[in-house]
Amino acid sequence: MYGLTRSLLFTLPPEPAHRLGMSGLAALGRMPSLCQSMRERTLLKAPMDLSVELAGLRFAHPVALAAGLDKDAEAVDGLFACGFSAVEIGTVTPKPQPGNPKPRLFRLPEHRAVINRMGFNNHGAATAASHLTGRAWKPGPLGVNIGKNKDTPLERAVDDYVACVDALAPLGDYVVVNASSPNTPGLRTLQEPEQLSALLRAVQERMGQVAPGTPLFLKIAPDLTPEAVDEVVDVAVERGLSGLIATNTTITRPFEHKHSREAGGLSGAPVRELSNAVIRRAYQRSRGTLPLIGVGGVFTAQDVYEKLRAGATVVQVYTGFIYEGPGMVGRILGDLGALLARDGFATVRDVIGVDAHPGAPVATSP
């Protein structure tokens with residue numbers, strides 16, 4: 001059924017198709033009984049217990065939704081109905097902003113990829129907060145991904161992140177500092193150790209006031225050098241972060257395509273190995289002590305399995321959901337259970353990081 005729906009959506013330009021899809025998910029979210037039954041049917045496709053714990057939060061299974069799809073928290077319940085163990089909204093900025101000029105979103109179906117330079121288009125923290133206030137159905141963790149407005153000078157970036165914490169941290173189960181989008185000028189410089197430590201310190205201090213105990217994550221880029229990954233991990237460990245999300249979109253273009261020269265972040269299948277390498281490096285640097293959420297190029301259970309083996313505890317989906325549709329979560333759960341059983345793992349927890357150790361065997365294809 002989604003094959004037909006996708007074919008119809010793909011006849012539209014990417015951004016109108018996205019708005020139409022989000023409207024449908026928002027409408028689904030207004031039917032609580034249907035949402036719950038859909039979710040239950042999806043979760044039943046797992047042949048074994050796939051639950052994991054991360055930063056004190058319980059995830060029914062490791063497949064979650066990444067930020068970027070639901071920037072304004074319009075369709076949280078509809079997305080949970082699709083079976084995701086967690087949903088992350090945003091990136092949200094303090095003030096509303098339109099984002100970058102259009103066109104700014106490009107499909108590359110031959111490569112199962114998307115290029116976007118959306119530029120944190122959203123209706124602002126107050127609007128997202130209004131959508132989250134009073135939610136009754138909470139089947140899994142809700143993440144809040146925060147950033148700075150484009151017109152805020154970098155030297156005042158901390159003010160924007162703190163403002164988002166004030167508005168949204170009390171409404172989420174975890175908070176994510178996005179300092180790695182390539183689509184806000186200069187944002188990635190906030191990943192440099194000195195600036196990063198100051199930013200995280202300020203966010204942690206405010207969270208201690210308005211949302212004590214709420215886990216805090218940092219989302220990092222796939223384009224960091226191995227040495228830069230080490231520096232970020234060291235800062236995260238020093239600051240006592242709950243974990244890292246690895247990774248955001250890439251500015252590299254590993255293929256030729258009519259859209260290859262479009263500015264923006266590339267997501268989808270071409271990012272998979274970049275993401276896996278950063279996950280392995282971060283796991284190794286922290287010796288497995290820093291929890292990781294993996295994202296980048298996830299379409300199948302094998303993709304999830306590889307990120308788990310690299311060191312992720314939870315794996316997020318974004319571009320794969322655009323191409324594969326709502327049924328992908330159920331398919332992944334069934335196949336992931338089979339992969340674990342094939343390789344003799346009793347639980348998801350047993351497989352985390354097995355490929356990040358020296359001399360570890362490489363994951364095989366099913």
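Visitor: Which residues in H8 are buried?

Guide: In H8, Ala 228, Val 229, Asp 230, Val 232, Val 233, Val 235 and Ala 236 are buried. Buried means under 20% relative accessible area, exposed over 50%, partly exposed in between, with a 1.4 Å probe and protein chains only. Helices are DSSP runs of H or I with at least four residues, strands are E runs of at least two, and both are numbered from the N terminus.

Visitor: Is this experiment or prediction, and what are the ground rules?

Guide: This is a predicted model: local features need pLDDT of at least 70, side-chain atom pairs count only at pLDDT 80 or more, and totals for chains, interfaces and linings use all residues. Residues are numbered from 1 along each chain as its sequence is written, and side-chain values use heavy atoms, with hydrogens and water left out.

Visitor: Back to H8. What covers its buried residues?

Guide: The cover includes helix H7 (193-210), strand S9 (216-220), strand S10 (243-246) and helix H9 (272-286). Contact here means heavy atoms within 4.5 Å.

Visitor: What span should H8 have?

Guide: H8 covers residues 226-239, and at 1.5 Å a residue its 14 residues should span 20 Å. The end C-alpha atoms are 20 Å apart, which agrees. The expected span is 1.5 Å times one less than the number of residues.

Visitor: What comes just after H8?

Guide: Gly 240, with a positive phi of about 70°.

Visitor: Which residues other than glycine have a positive phi?

Guide: Arg 112 is one of them, at about 50°. Phe 120 is another, with phi near 55°. Most residues other than glycine have a negative phi, and most peptide bonds are trans.

Visitor: Buried or exposed, that Phe 120?

Guide: Phe 120 is buried, with a relative accessible area of 5%. It sits in the loop between S6 and helix H5 (125-132). Arg 112 counts as partly exposed, at 33% relative accessibility.

Visitor: Where are the cis peptide bonds?

Guide: One runs from Gly 90 to Thr 91, with omega near 15°. Thr 91 belongs to strand S4 (residues 87-92). Another runs from Lys 102 to Pro 103, with omega near 0°. Pro 103 is in the loop between S4 and strand S5 (105-108).

Visitor: New topic. What does Asn 183 touch?

Guide: Beyond neighbours within four places in sequence, its contacts include Asn 100, Asn 116, Arg 117 and Gly 264. Asn 183 is buried at 10% relative accessible area.
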